[in-house]
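My notes follow the order in which I went through them.

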Amino acid sequence: MDELAVSPHARGQGLAGRILDLLCGRTDSCWLLTAPQAADAIRLYERLGWRRLTGPRANIVVFLRSP
């Protein structure tokens, strides 16, 4: 998948988390990338339990989810 977005009027309903669960469901691990400027996305991934692999000064933020 190239990009995930949830329309502002549909946010707060757990849709992004459910989509990520469907995409990564039975895999041993799953990773994603986002821009450091995407503060809302970064907070979401952290809240969902994704582990950030890159430091605060990286040009791209990499997250990993392992079972």
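**Ground rules.** I am working on a predicted model, where local features need pLDDT of at least 70, side-chain atom pairs count only at pLDDT 80 or more, and totals for chains, interfaces and linings use all residues. Residues are numbered from 1 along each chain as its sequence is written, and side-chain values use heavy atoms, with hydrogens and water left out.

**Entry 1, the sheet.** I took helices (H or I, at least four residues) and strands (E, at least two) as DSSP runs numbered from the N terminus. Two strands pair if DSSP finds at least two bridges between them. I found an open sheet of three strands in the order β1-β3-β2, with antiparallel pairing. β1 and β2 (51–52) stand at the edges with a single partner strand each, so one side of each has no neighbour in the sheet. Five bridges join β1 to β3, and two join β2 to β3 (residues 61–65).

**Entry 2, which way the side chains point.** I used buried for under 20% relative accessible area, exposed for over 50%, and partly exposed for in between (1.4 Å probe, protein chains only). In a regular strand the side chains alternate between the two faces of the sheet. With five of its five residues buried, β3 is largely enclosed by the rest of the structure.

Which residues have the most contacts inside the largest nonpolar core? I noted Leu 20, Leu 32, Tyr 45, Trp 50 and Phe 63, out of 14 residues in that core. Here a nonpolar core is a set of buried Ala, Val, Leu, Ile, Met, Phe, Trp, Tyr and Cys residues joined through side-chain atoms within 4.5 Å. α1, β1, α2 and β3 each supply at least two of its residues, and α2 gives the most, with four.

I then listed contacts (heavy atoms within 4.5 Å). Leaving out residues up to four places away in sequence, Phe 63 touches Trp 31, Ile 42 and Glu 46, among others. Thr 34, in β1, is buried at 12%; beyond four places in sequence, its contacts include Ala 41, Ile 60 and Val 61.

On a 1 Å grid over the protein atoms alone, a pocket is an open set of points where a 1.4 Å probe fits, with protein on both sides within 12 Å along at least five of seven lines; lining residues have an atom within 4 Å of a point. The largest pocket holds about 850 Å³, the volume being the space filled by probe spheres set on the points. Of its 31 lining residues, Leu 4, Ala 16, Ala 41, Leu 44 and Tyr 45 are the closest to its centre. α1 (15–24), β1 (30–34) and α2 (39–47) each give at least two residues to the lining.

Is Arg 26 buried or exposed? I have Arg 26 as exposed, at 87% relative accessibility, in the loop between α1 and β1. Its C-alpha atom is 23 Å from that of Gln 13, 13 residues away along the chain.
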